[in-house]
Amino acid sequence: MSDPSPLGKGTRLTAALSRLAGTIDARADRDPGVSYTAKLLARGPLHCGKKVGEEAVELALAVAAQDRGEVVSEAGDVLYHLLVALKARGISLDEVGDALAAREARSGLEEKASRPSG
């Protein structure tokens, strides 16, 4: 690992995600002609999922290129599109939080091994 610094508590990220979720909720029913969020949601979950994948690829490429600024920017894009996709599926951040909390007591390898295959 080239940068051993910790990820930290992410208090600014937590606050930013909470505000972003509120903004997405507020814009969900707006005119898709004036709101990018509404436009994404109007196109449905499949389109939102494709956007998450597209942004994730861009993030992966930025990570591989080791361009710190681009990684930060693309990570923001992934988080935004992830929240929009969750909204498109009617999944709350608390549901995702519960899923993460359920995994905390297990190692990642143990948790992954317990998933159904196929």
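Which hand does the crossing of H1 and H4 have? Before I answer, please keep in mind that this is a predicted model, in which local features need pLDDT of at least 70 and side-chain atom pairs count only at pLDDT 80 or more, while totals for chains, interfaces and linings use all residues. Residues are numbered from 1 along each chain as its sequence is written, and side-chain values use heavy atoms, with hydrogens and water left out.

Let me start with the overall layout. The protein chain has six helices and zero strands, where helices (H or I, at least four residues) and strands (E, at least two) are DSSP runs numbered from the N terminus. Along the principal axes, the C-alpha atoms of the protein chain fill a box of roughly 45 × 35 × 30 Å.

Now to the helix pairs. Two packed helices are described by the angle between their axes and the distance between the axes. Here the axes are lines fitted to C-alpha atoms, for helices over the stretch in contact, and the angles run from 0 to 180 degrees between N-to-C directions.

Helix H1 (residues 11-27) and helix H4 (residues 68-89) have axes that come within 10 Å and cross at roughly 45°, and that makes H1 oblique to H4. As for the wording, angles under 35 degrees count as roughly parallel, over 145 as roughly antiparallel, 65 to 115 as roughly perpendicular and the rest as oblique. To return to my opening question, the crossing of H1 and H4 is right-handed; a crossing is called left-handed if the near helix is turned anticlockwise from the far one by less than a right angle, and right-handed if clockwise. The contact (heavy atoms within 4.5 Å) is made by residues including Leu-17 and Ile-24 of H1 and Tyr-80 and Val-84 of H4. The residues of this contact divide into nine nonpolar, no polar and two charged, where Ala, Val, Leu, Ile, Met, Phe, Trp, Tyr, Cys and Pro count as nonpolar, Asp, Glu, Lys and Arg as charged, and the others, Gly among them, as polar.

H4 also packs with helix H2 (residues 36-43), at an angle of about 50° and with the axes 10 Å apart, so H2 and H4 are oblique to each other. Their crossing is right-handed, and among the residues that make the contact are Leu-40 and Leu-41 of H2 and Tyr-80 and Val-84 of H4.

What angle do helix H3 (residues 45-65) and H4 make when they pack? The angle is about 165°, with the axes 8 Å apart, and H3 and H4 are therefore roughly antiparallel to each other. H3 passes H4 in a left-handed crossing. The residues in contact include Val-52 and Leu-59 of H3 and Val-78 and Val-84 of H4, and by class this contact has 14 nonpolar, one polar and seven charged residues.

Finally, a word on the second largest pocket, which has a volume of about 320 Å³. Of the 13 residues that line this pocket, the closest to its centre are Leu-17, Leu-93, Val-96, Gly-97 and Leu-100. H1, H4 and helix H5 (93-103) are the elements that give two or more residues to the lining, and H5 gives the most, with five residues. By class, the lining has nine nonpolar, three polar and one charged residues.

Definitions and conventions. On a 1 Å grid over the protein atoms alone, a cavity is a set of points where a 1.4 Å probe fits but cannot get out, and a pocket is an open set with protein on both sides within 12 Å along at least five of seven lines; lining residues have an atom within 4 Å of a point. Grid points are joined across faces, edges and corners, and a volume is the space filled by probe spheres set on the points.
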